[in-house]
Amino acid sequence: MKAVEIKKDIFWVGAKDWNLREFHGYNTPDGSTYNSYLIMDDKVTLVDGVKAYMSSEQIARVKSVVDFAKIDYVVVNHVEQDHSGSVPEIMKLAPQAIVVTNAAGKMALEAHFDTTGWQYHIVKTGDVLNIGKRNLSFLTTPMLHWPDSMMTYVAEDKLLLPNDGFGQHLCCEALLAKDYPNDLVVKAAKSYYANILFPYGMQAEKALSSAAEMKLDIDMIAPSHGLIWSGKDEVNQILSLYDTWAKGKTVKKAVIAYDTMWGATAKLAETAMAEFQDAGIAVVKHNLGVSHISDVMTDILDAEYVLIGNPTLNNQMFPRVAAFVTYLKGLAPKGKKGLAFGSYGWRAGVVKEIKQVMDDLGWQTAEVFEEKYTPKSDILEQFAQRVRDFIKM
Ligand code: FEO
């Protein structure tokens with residue numbers, strides 16, 4: 001396994017996880033990568049690790065360029081174990097190396113691993129570390145994705161190493177986004193943002209404005225997952241998409257997520273879909289018995305309208321709907337319009353719990369719509385009217 005040079009004397013030394021199909025509840029049909037970078041300068045610097053079970057791949061790639069005894073710095077941008085899992089093994093091979101991280105990173109490393117004997121260089125936003133011909137600058141970005149997250153910038157190479165930021169769960173032969181269909185990389189980046197960074201829009205906006213204040217000149221963004229954005233056009237594309245997502249901008253689009261037991265809630269979902277279609281508004285319908293909740297979230301990212309349909313089971317929310325609502329609550333999208341609907345046999349009111357979640361998220365919500373057993377045509381017309389009113393809300 002060899003390193004791949006991405007800029008003069010800067011190498012990709014990560015690992016490709018072709019088999020990954022799930023990342024803490026997020027569906028990853030295209031696998032993922034854990035990207036690590038090796039900077040060969042007067043002070044040899046390794047940036048980020050990989051998952052523990054892929055350590056040998058990272059180690060082999062590093063060894064194809066340099067002996068571990070020559071590594072001076074190990075930058076830990078983020079301690080979640082997909083990036084720090086191999087760090088203990090790296091520190092065994094390079095005990096002389098100094099770990100460069102921020103104060104929260106040091107605390108997190110010590111909470112995860114036996115760090116006895118590790119030496120640290122603690123940085124904060126704006127700090128600069130000279131490694132020879134290059135200067136590394138640091139930008140702490142708490143909650144993008146954990147309290148310890150930070151980005152490393154190499155001014156001389158106009159290179160940003162943002163760890164989780166701008167990543168995608170995508171594994172393929174290519175290393176650079178320009179060598180892969182653009183629409184597929186953007187789709188993967190959107191899905192990644194929706195399922196990993198959605199709750200942290202404010203922090204993403206802050207990071208983008210801090211980067212602007214620091215006047216970072218960037219012509220390559222090399223994240224720790226997926227493909228590398230290279231060239232001004234691609235860099236501007238992903239920065240602009242992040243600006244849109246972080247601000248919670250929506251388009252005229254509806255997402256209907258529902259489940260069904262005997263077809264009643266499905267009939268309501270179809271009625272709602274027809275109303276959006278008639279109004280000329282794009283609409284996506286997800287049966288939660290078929291669609292994965294992470295794909296639903298990707299569609300919700302830029303949707304103005306979100307409708308959730310629930311068939312009551314044993315006087316409770318239907319389990320797959322409950323799982324989706326819990327996931328939604330955690331990812332906490334803002335600025336949506338919400339309508340909860342559903343069916344019941346003998347206990348009405350369960351969909352109010354869904355409306356409550358929407359209200360708690362600060363959404364503009366319509367009154368819930370619930371039908372006992374199977375909705376007949378007059379009920380479907382009442383619901384259609386409710387949806388028409390909702391569209392105009
Ligand atoms: Fe890719 Fe927050 O770890």
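**Figure 1. Surroundings of Met 393 in the predicted model**. Apart from neighbours within four places in sequence, Met 393 is in contact with Lys 337, Gln 364, Thr 365 and Ala 366. Met 393 belongs to the segment after helix H12, which covers residues 377-392. Its relative accessibility is 28%, so Met 393 counts as partly exposed. Val 99 lies 294 residues from Met 393 along the chain, and the C-alpha atoms of the two are separated by 54 Å.

**Figure 2. Packing of helices H5 and H7**. A pair of packed helices is described by the angle between the axes and the distance between them. Here helix H5 (residues 182-197) packs with helix H7 (residues 232-246) at an angle of about 35°, and the axes are 11 Å apart. The crossing of H5 and H7 is right-handed. On the H5 side, the residues that meet H7 are Asn 182, Val 186, Ala 189, Lys 190, Tyr 192, Tyr 193 and Leu 197. On the H7 side, they are Gln 237, Ile 238, Leu 241, Tyr 242, Trp 245 and Ala 246. By class, the residues of this contact are 10 nonpolar, two polar and one charged.

Figure 3. H5 provides the largest share, with five residues. The lining is made up of six nonpolar, five polar and five charged residues.

**Figure 4. The largest cavity**. Rolling a probe the size of a water molecule over the atoms shows where empty space is left. In the whole structure, a search finds one cavity of 30 Å³ or more. The space in the largest cavity is about 40 Å³. Its lining consists of Trp 12, Lys 16, Thr 33, Asn 35, Leu 170, Cys 171, Cys 172, Ala 174, Leu 175, Gly 226 and Leu 227. Of these lining residues, seven are nonpolar, three polar and one charged.

**Figure 5. Leu 20 and the residues it touches**. Leu 20 is in the loop between strand S3 and strand S4 (22-23). With a relative accessible area of 7%, Leu 20 is buried. Not counting residues up to four places away in sequence, Leu 20 touches Thr 28, Gly 31, Ser 32, Tyr 34, Lys 51 and Tyr 53. Leu 170 is 150 residues apart from Leu 20 along the chain, and their C-alpha atoms are separated by 9.6 Å.

**Figure 6. Buried residues of helix H1 and their cover**. Helix H1 spans residues 55-63, and its buried residues are Ser 55, Glu 57, Gln 58, Ile 59, Arg 61 and Val 62. The cover over these residues includes strands S2 (10-12), S3 (15-17), S7 (37-39), S8 (44-47) and S9 (71-75). Helix H3 (87-93) is also part of this cover.

**Figure 7. Helix H9 within the structure**. Seven of the eight residues of H9 are buried, so the helix is largely enclosed by the rest of the structure. The buried residues are Ile 293, Ser 294, Val 296, Met 297, Thr 298, Asp 299 and Ile 300. What covers them includes S5, H5 and helix H10 (319-331). Strands S18 (251-258), S19 (282-287) and S20 (303-311) are also included.

**Figure 8. Asn 314 and Ala 332, two residues with positive phi**. Most residues other than glycine have a negative phi. Asn 314 has a positive phi near 50°, and the phi of Ala 332 is positive at about 50°. Asn 314 is in the loop between S20 and H10, whereas Ala 332 is in the loop between H10 and strand S21 (337-344). Asn 314 counts as exposed because its relative accessibility is 59%, over the 50% cut-off. Ala 332 is buried because its relative accessible area is 15%, under the 20% cut-off.

**Figure 9. Ser 137 in strand S13**. Strand S13 covers residues 135-140 and contains Ser 137. The relative accessible area of Ser 137 is 12%, so this residue is buried. Leaving aside neighbours within four places in sequence, Ser 137 is in contact with Asp 127, Val 128, Met 151, Thr 152 and Tyr 153.

Key: Residues numbered from 1 in each chain as written. Predicted model: local features only at pLDDT ≥ 70, side-chain atom pairs only at ≥ 80, totals over all residues. Heavy atoms only, no water. Helix = DSSP H or I, 4+ residues; strand = E, 2+ residues; numbered from the N terminus. Buried < 20%, exposed > 50% of the residue type's maximum accessible area, 1.4 Å probe, protein only. Contact = heavy atoms within 4.5 Å. Axes fitted to C-alpha atoms, helices over the stretch in contact; angles between N-to-C directions. Left-handed = near helix turned anticlockwise from the far one by under 90°. Nonpolar A, V, L, I, M, F, W, Y, C, P; charged D, E, K, R; others polar. 1 Å grid on protein atoms, 1.4 Å probe; cavity = no way out; pocket = protein on both sides within 12 Å on 5 of 7 lines; lining within 4 Å. Points joined across faces, edges and corners; volume = space filled by probe spheres on them.
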